[in-house]
Amino acid sequence: MDGRGVTNYSKDKPSYGFSTATTEFDDALMSRGVVTFEQAMIAKGASPQEARRLSDMKFNNSVEGRQVDQQSTGNNHEVTSDDDDDEFIRTYRQQRINELKKDKNAIKYGDVIYISRPDWNREVNESSRSGTWVIVNLTRHTSSLSARHDEICDVVEETIRELAVKFEQVKFVFISSTSAIENWPAENLPTLFCYRYGKMQHQLIGINALGGSGLNVDRLEWRLARLGIVETELEEDPLPHNKSAEFRSHSKAFTDDFCDDDYDGVD
């Protein structure tokens with residue numbers, strides 16, 4: 001079964017299309033309890049949600065096979081020598097060192113980047129082509145629908161700034177909505193476009209899609225994590241700051257006519 005990501009190993013090795021097949025080294029890590037099957041899948045490019053689904057599928061499909069294997073092998077268990085364990089630990093330690101070096105050299109942002117329309121292709125499409133997530137926030141223009149709407153857009157911008165500091169390897173971009181798309185309706189704001197591999201992968205339109213009027217950093221982080229954009233330690237959707245106040249977004253079928261291909265070739 002093939003996945004949808006691309007696994008990029010160390011610089012001296014090529015990239016391979018993501019697959020749910022595990023290597024002998026993956027199997028060795030899992031057999032020793034160093035990593036789980038889910039972690040192995042995430043390392044290969046699967047989102048946390050996809051990794052859990054694949055793990056459940058693997059477990060269900062392998063239960064019967066394990067029972068048959070246990071019946072046929074009885075008490076004959078493979079014994080791993082201390083020398084083999086020492087060699088495995090040395091190999092794993094070196095791999096982790098290589099990964100840490102790669103992480104240290106990886107491009108990190110740590111703040112939002114303001115762009116204009118001519119920058120779009122370079123800062124969004126091309127920047128995301130290698131697998132980096134680029135999150136585009138369409139900001140409001142000088143005109144506004146109401147003071148309440150302005151306040152909500154301001155909260156979203158501040159929330160994204162905090163996420164940019166927390167998730168340094170995700171590129172967060174701000175651009176005026178009228179600069180990005182001339183006729184983009186103000187009632188569709190706030191709007192996030194999520195790019196990877198040079199294409200739009202997700203779009204979040206209106207405050208309800210981002211977490212509601214009680215938006216906080218954790219609520220938006222939760223939604224980005226569910227899309228596989230960031231990894232989170234949150235176990236459930238956090239409560240909003242103000243649950244009683246619900247801002248109803250009026251974003252409608254206008255967005256159905258929008259295609260990210262319109263912005264794949266912006267100079």
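The backbone oxygen of Asn 188 lies 2.7 Å from a polar atom in the side chain of Thr 191, and a second polar contact, of 3.3 Å, links the side chains of Thr 191 and Trp 184. A polar contact here is a pair of N or O atoms within 3.5 Å; within protein, one must be able to donate a hydrogen and the other to accept it, and residues adjacent in sequence count only if both atoms are side-chain atoms. The model is a predicted one, in which local features need pLDDT of at least 70 and side-chain atom pairs count only at pLDDT 80 or more, while totals for chains, interfaces and linings use all residues. Residues are numbered from 1 along each chain as its sequence is written, and side-chain values use heavy atoms, with hydrogens and water left out.

Thr 191 belongs to strand E6; helices (H or I, at least four residues) and strands (E, at least two) are DSSP runs, numbered from the N terminus. With a relative accessibility of 0%, Thr 191 counts as buried, a word used for under 20% relative accessible area, with exposed meaning over 50% and partly exposed in between (1.4 Å probe, protein chains only). Leaving aside residues up to four places away in sequence, Thr 191 touches Val 136, Asn 137, Leu 138, Trp 184, Leu 204 and Ile 205, where contact means heavy atoms within 4.5 Å. Val 136 is 55 residues from Thr 191 in sequence, yet their C-alpha atoms are 8.1 Å apart.

The backbone on either side of E6 deserves a look too. Most residues other than glycine have a negative phi, and most peptide bonds are trans. A cis peptide bond, with omega about 0°, joins Leu 189 and Pro 190, and Pro 190 sits in the loop between helix H7 (177-180) and E6. In the loop between E6 and strand E7 (199-205) comes Tyr 197, which is not a glycine but has a positive phi of about 55°. Tyr 197 is partly exposed, at 26% relative accessible area.

Across the protein chain, the secondary structure comes to nine helices and seven strands. Of the 267 residues in the chain, 39% are buried. Among contacts between residues at least 6 apart in sequence, 67% join residues at least 24 apart.

Buried positions in H6 include His 149, Asp 150, Cys 153, Glu 157 and Leu 163. Among the elements covering the buried residues of H6 are strands E4 (134-139), E5 (171-176) and E6 (191-196), together with helices H8 (207-210) and H9 (217-226).

Two packed helices are described by the angle between their axes and the distance between the axes. For H6 and H9, the axes come within 9 Å and cross at roughly 65°; axes are lines fitted to C-alpha atoms, for helices over the stretch in contact, and angles run from 0 to 180 degrees between N-to-C directions. From H6, Thr 159, Ile 160, Glu 162, Leu 163 and Lys 166 meet Val 217, Leu 220, Glu 221 and Leu 224 of H9. These residues divide into five nonpolar, one polar and three charged, with Ala, Val, Leu, Ile, Met, Phe, Trp, Tyr, Cys and Pro counted as nonpolar, Asp, Glu, Lys and Arg as charged, and the others, Gly among them, as polar.

H9 itself is mostly covered, with eight of its 10 residues buried. At its start, a side-chain oxygen of Asn 216 comes to within 3.1 Å of the backbone nitrogen of Asp 218, and just after H9, Gly 228 adopts a positive phi of about 80°. Arg 219, within H9, is buried at 10% relative accessible area. The Arg 219 side chain reaches the backbone oxygen of Pro 238 at 2.5 Å. Beyond residues up to four places away in sequence, the contacts of Arg 219 include Leu 210, Gly 211, Asp 237 and Pro 240.

Another buried charged residue, Glu 123, with 18% relative accessible area, is found in helix H5 (residues 120-128). A polar contact of 3.3 Å joins its side chain to that of Arg 122.
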